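Here is a set of friendly questions and answers that set values against definitions. Take a look at the sequence and the structure before reading on.

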Amino acid sequence: MSPSVPLQEMIRAIRSARTQCEERGVIQRECAAIRAQFRQTDNGGRSHNLAKLLYVHMLGYPAHFGQMECVRMIASPRYSEKRVGYLGAMMLLDEKQDASLLITNSIKNDLSHSNQYVQSLALCTLACMGSAEMCRDLAPEIDRLLRSSNSYIKKKAALCAVHIVRKVHDLGELFVPSARSLLSEKNHGVLHGAVVLITELCERSPETLERFRKTVPDLVQIMKGLVISGYSPDHDVAGVSDPFLQVRILRLLRILGRNNEAASDAMNDLLAQVATNTDSTKTVGNAVLYETVLTVLDIKSESGLRVLAVNILGRFLLNNDRNIRYIAMTSLQKIVLTDHNAVQRHRGTIVDCLKDQDASVKRRALELSLALVSASNIRSMMKELLIFLSSCPPELRAQAASGIFNAAERYAPSKRWHIDTILHVLTTAGGDVRDETVPNLIQLITNTSELHCYTVHKLYRALLTDISQQPLVQVACWCIGEYGDLLLKGECQETEAVQVTEDDVLDALEIVLQSHMSTPTTRGFALTATMKLSTRITDNVDRIRSIVSIYGSCIDVELQQRAVEYNALFKKYDHMRAAVLERMPVIQKNSLGQTNGELSEEPMKESQPGKVKQEETALPPQPAGQVVDLLDLLGGSQEPLQPGSSVAGSASTQLTAAPTSAGGDLLDLLGGFEPTPLAPAPTVTVYEKNGVTLTLSCEQQSESGLTVTLTASNSTDSDISGFTLQAAVPKSVQLQMRAPSTDCLPAHGGAKLTQLVVLNNPNKVNLKMRIRVSYTCQGSVVQDMVQVDSFPGL
Amino acid sequence: MAKSLQSCFFNQVIDRVQQQVEESQFYFTLAPRENSVKELRFLLLFSRQGKLRLQKWFVPTSDRERKKVIRDMIMLVLPRQPRTCNFLRWKDLKIVYKRYASLYFCAGLEEQDNELLALEVLHRYVELLDKYFGNVCELDIIFNFEKAYFILDEFLMGGEVLETSKFAVNVSMEQADTLQETMEEYMSKPAY
C-alpha cells in the first residue's frame with residue numbers, strides 16, 4: 001500500500017518546524033497552495049490535497065474552504081477520491097453546515113453502487129453526520145439494504161438505521177420488520193447490529209417494546225450458544241466468546257425484562273448461567289459479568305439471583321484491579337437504597353477501600369460508606385470515617401465533614417458522643433466545614449444542659465492546644481463565655497478536672513483576641529465571651545474592663561462597636577449588666593417566629609453571634625421566596641397560584657390584599673409575616689388530568705435538605721399500571737428518588753401511590769422541579785410533563 | 001505563548017481544573033429509571049505532549065465545543081498517575097482512557113454505557129491498528145492518519161461496535177485498499 005508522498009512530505013515539513021511561528025508559516029503556505037489547487041479543474045493530485053487539508057484541520061487550523069472540495073470529491077467516480085472525500089465530509093461537515101445537504105444526492109447514488117465498498121462509504125457517512133432531512137430522504141434505501149443478501153452491507157445498514165431512528169424517531173416503525181428478521185442471522189456483525197437496532201427501537205416506543213418481548217426466547221438461545229460454545233478463533237477475546245455481542249444482548253434483555261414478570265422468568269436461568277460460567281480473571285469477563293449484574297438488578301429477578309448479583313459485586317470489591325473496584329462501588333451506590341441489607345454485608349470491604357491510593361476509588365468509597373451508615377453500626381463506622389478524615393485528600397474533606405455531621409445528627413447514640421464527634425471533626429478539618437456548623441453546634445451544646453461542664457472543659461483544653469481552626473475557636477470562646485463559672489469551679493463528673501484560675505481563662509481569650517490567625521468573626525466571639533465573664537468571675541473584672549476599653553479604638557468597626565457598647569454597659573448601665581449577660585435560654589431551631597421574637601426583646605443591640613448566625617441562615621430561604629413573589633406582584637405579573645395550597649396560598653392572598661404601592665411597604669410586609677409559623681406540610685396539586693391526580697408536599701429537613709413527597713391517585717374507572725415518575729431539578733441541586741410504594745393505581749382512588757424525593761440544595765438556588773409522569777391506562781401509554789416552580793412551605 | 005510561562009503555572013492550573021471537573025454534578029438528573037441506551041460520544045487520541053492525533057465525534061458538535069472538549073480531556077488525562085483508575089467523570093459523561101506507549105486513547109461514554117467494555121473497545125482498536133501497520137507506533141498514525149480513520153470506520157459506526165471479529169475488519173481493509181490500487185492502475189494514474 002503505497003503512501004501518499006505529497007502528504008507525507010508536508011507532514012514532515014510541519015513537524016520539523018521548530019517554533020509555533022514557523023509551523024504557522026509552513027501551514028499558511030501549504031493552505032495557499034491547496035486553495036490554488038482546488039480552484040483548478042481535475043488533476044491527479046486532488047485526493048492528496050484534501051488529505052493535506054484534513055491533516056492541517058486536525059492540528060486545529062481553519063479548513064472550511066475544503067468543504068466544497070469534499071462535495072466534489074464525493075461525486076467523483078474514482079474510489080480513492082471518494083474515500084478521502086467522504087472522510088473529509090465526516091470531519092469538516094456536520095448537519096449544521098449548508099454544504100452537507102449537497103452530498104445527499106451523492107450518498108443516494110452511492111448507496112446503490114455496484115461495489116460494496118462504495119456503498120459502505122456512503123452508509124458510514126450517513127451514520128456519522130446525517131441530518132434529519134437526509135435521514136428521512138434515505139430511510140427507504142436503508143431499509144432495502146437491510147434486506148440484501150450481503151452481510152457486510154447488512155451490518156452497516158443496521159447501524160445506519162440506528163442513527164436514523166435516533167435522529168427521526170417516527171421512522172422507527174419502518175425498520176421493525178427487518179430488524180425482527182435479522183435476529184436469525186448467523187453473522188455476528190449483523191447480529192450485533194440487529195440487537196443494537198432493536199434496543200434503539202424498544203427504547204423509543206413502548207408498543208414496539210411489547211412486540212419485541214416475543215424475541216426473548218430467541219435472544220436467550222443466542223446467548224446460550226455464545227456462552228456454552230467452544231473456542232471460536234474469530235470472536236474469542238481471552239476466553240470469552242464475542243463479549244461485545246454478549247453485552248449488547250444482556251442490555252436488550254434488561255430492557256425487555258424490566259417490569260415484566262414473564263420475560264424476567266424466561267431469562268432467569270440464562271443469567272444465572274452467565275453469572276457462574278464466565279471467567280472473571282480478565283477484564284473482558286468482568287465486563288460481561290458487570291452487565292449481567294446490572295441486568296439482574298433491573299429486571300424482576302428472583303431473590304436468589306439478586307443475592308448472586310450482589311455477591312458478584314462483593315467479589316469485584318476484593319479484586320486487585322482498581323477499575324473493577326470502582327465499577328463495583330458505583331453499582332453498589334445505585335442499589336444501596338433498594339437492597340440495603342445486601343450491601344451492608346460488604347460494608348467491611350467498602351470501608352477498607354477508603355484507604356485505597358486512588359482518588360476516584362476513595363471518593364466512591366466515601367459516598368458509599370456515608371450511605372451505609374445506620375443506627376446499628378454508627379459507632380464503628382464513625383471511627384473509620386474519622387480516621388479517613390484525618391488522612392483524606394483536600395478535595396474530599398468538605399464532603400466527608402458534612403457527611404459525618406449528617407450521619408451524627410441522624411444516628412447519634414448519645415449526646416456526649418455527638419458532641420465529641422463534632423469536636424473531633426472540628427479539630428481535624430475545621431477549615432473545611434460549612435458555616436452553619438458553628439451555630440448548629442452551639443445549639444446542640446445549649447440543649448445538652450447536663451454536659452455543659454464536660455463540654456466547656458473539653459473545649460478549654462482544645463483551645464489551649466490549638467487556635468488555628470476557626471470554627472472550633474469560635475465555639476470554644478462562646479462556651480467559655482457562657483459556662484465560664486462551671487470551668488472555674490473545677491469539678492466535673494465526666495472528665496478529669498483541671499484547676500483553672502480566672503487569669504488563665506482571660507489569658508486564653510486574650511491570646512485568641514490578639515492572634516493574627518483569628519478572623520474578625522472569631523475576635524468578635526472572643527470579645528463577647530470576655531464581656532460575659534465579667535458577671536461570672538469575681539476578681540478580675542478590672543482586667544476585663546481594660547481589655548474592653550482597649551478595643552474601643554480598634555480599627556475593625558464591628559469590634560469597635562461591640563467594645564464601645566460593652567464600655568457603656570460597664571459605665572452607664574452597670575445595674576443592668578447582670579441581667580443582660582445572663583445565661584442564654586435554649587435556642588429553638590426552625591421556628592422562625594420565635595427566634596425573631598427573642599431578638600426583638602433584647603433592649604441593647606447585644607449581638608449574640610451564635611443566634612444572629614442561626615437567624616441569618618434560617619431567614620434567607622423564607623424571605624427570598626417571599627420577596628420574589630412580592631416583586632412579581634409589584635411588577636404587575638400576577639402569578640397564578642397552585643390550586644388547593646393551604647398556608648402558602650393564604651399567605652399570598654394576604655399579600656395581594658395588602659397595599660403594594662411603595663417599596664418601603666415591602667419590609668413591613670415581611671415583618672408582618674414572620675410571626676406566622678408555617679404549617680407542617682402543606683400539599684399542592686401539581687397535575688390533574690384524565691382522572692390522575694398528583695400532589696406534592698415538602699418538608700424542610702435541614703438548611704439545604706428537603707424531602708418532597710409525591711402522592712398519586714386515580715379517580716377513573718379503570719386501573720392504571722406501570723405508573724412511573726421521573727424528576728429533574730436544576731444543576732447544583734442534588735436529587736435522590738426513593739423507590740415508589742407501588743406502580744399500580746387501582747380505579748376509583750382505591751389506593752394511593754407515594755414516592756419520596758430527597759433534595760439537597762446547598763447553593764440555595766431557586767428550586768424548580770420538572771416531573772414526568774408515565775403510566776398505562778386501558779392499554780395505552782400516557783406520558784406527560786409538569787413543571788413545579790413554587791414549592792409549598794418554601 | 002512562551003513555554004516558560006506554561007511550565008510555571010501548569011501544575012497549579014491542572015490541580016484546580018482537575019478538582020473542578022471531577023466534582024461537577026449532573027446538569028439535570030432524571031430519576032433512576034432513565035435507562036436509554038446511548039452511544040460513544042467521542043474518541044480522541046493524543047500524545048503525551050498533548051498533540052491531537054485522531055478525533056472522531058459521534059454526535060454533532062460545533063468546532064468551538066470540540067476544541068473545548070479536547071482541551072478538557074487533555075487536562076484531565078495527562079496528569080493522571082500511572083496506576084490509577086482508568087475511569088473518570090466529566091460533566092455528565094464517563095471518560096475511559098488508556099495509555100498505549102506514547103499515545104492516550106480517550107473515549108467519552110454516556111451514563112448507561114459499560115466502562116469495562118469500553119476498555120475492551122479501545123484495546124481492540126489498538127490491536128486492529130497493530131495488525132494493519134505491523135507493530136504500530138505513533139509515527140505510523142501521524143503519517144497515515146487517514147488509514148487510521150478508515151480502520152476506525154470499519155470497526156465503529158455511529159458510536160457502536162460494527163464488527164466484532166478482528167479478522168473480518170482486517171479483510172475488509174485489505175480489500176478496500178486493493179480496490180483503490182486496482183482502480184488507480186486501471187485509470188492509469190499514479191497510485192495514491
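Q: What makes strand 4 and strand 5 of chain A a hairpin, and how many residues lie between them?
A: Strand 4 of chain A and strand 5 of chain A form a hairpin with four residues between them. Strands here are DSSP runs of E with at least two residues, helices are runs of H or I with at least four, and both are numbered from the N terminus. Two strands pair if DSSP finds at least two bridges between them. Strand 4 and strand 5 (residues 705–714) of chain A are joined by nine bridges in the antiparallel sense, so they count as paired under the rule of at least two bridges. One example is A:Ser697, whose bridge partner in strand 5 of chain A is A:Thr709.

Q: What kind of model is this, and how are its parts numbered?
A: It is a predicted model, in which local features need pLDDT of at least 70 and side-chain atom pairs count only at pLDDT 80 or more, while totals for chains, interfaces and linings use all residues. Residues are numbered from 1 along each chain as its sequence is written, chains are lettered from A and ligands numbered from 1 in the order in which they are written, and side-chain values use heavy atoms, with hydrogens and water left out.

Q: How do you know that strand 3 of chain A pairs with strand 4 of chain A?
A: Six bridges join strand 3 (residues 683–689) to strand 4 (residues 692–700) of chain A, and the two run antiparallel. A:Tyr687 has A:Leu694 in strand 4 of chain A as its bridge partner. This hairpin has two residues between the strands, and A:Asn690 takes a positive phi near 55°.

Q: Why are strand 6 and strand 10 of chain A placed at the edges of their sheet?
A: The open sheet has three strands in the order 6-9-10 (chain A), with antiparallel pairing. Strand 6 (720–728) and strand 10 (780–788) of chain A each have a single partner strand, so one side of each is left without a neighbour in the sheet. Strand 9 (residues 769–777) of chain A pairs with strand 10 of chain A over nine bridges, and A:Cys777 stands opposite A:Ser780 in strand 10 of chain A.

Q: What makes strand 2 and strand 3 of chain B edge strands?
A: They belong to an open sheet of five strands with the order 2-1-5-4-3 (chain B) and antiparallel pairing. Strand 2 (52–57) and strand 3 (87–90) of chain B each pair on one side only. Elsewhere in chain B, strand 4 (residues 93–100) and strand 5 (residues 103–109) pair over seven bridges, with B:Tyr97 opposite B:Cys106 in strand 5 of chain B.

Q: Why is the pair B:Glu160 and A:Arg166 called a salt bridge?
A: A salt bridge is a side-chain nitrogen of Lys or Arg within 4 Å of a carboxyl oxygen of Asp or Glu. The closest N and O atoms of B:Glu160 and A:Arg166 are 2.9 Å apart, so the pair meets that rule. Across the interface of chain A and chain B, the rule finds seven salt bridges.

Q: How do you know that A:Arg180 and A:Asp218 form a salt bridge, and where do they sit?
A: Their closest N and O atoms are 3.4 Å apart. The pair links distant parts of the chain, with A:Arg180 in helix 11 (residues 172–182) and A:Asp218 in helix 14 (residues 216–228) of chain A, 38 residues apart.
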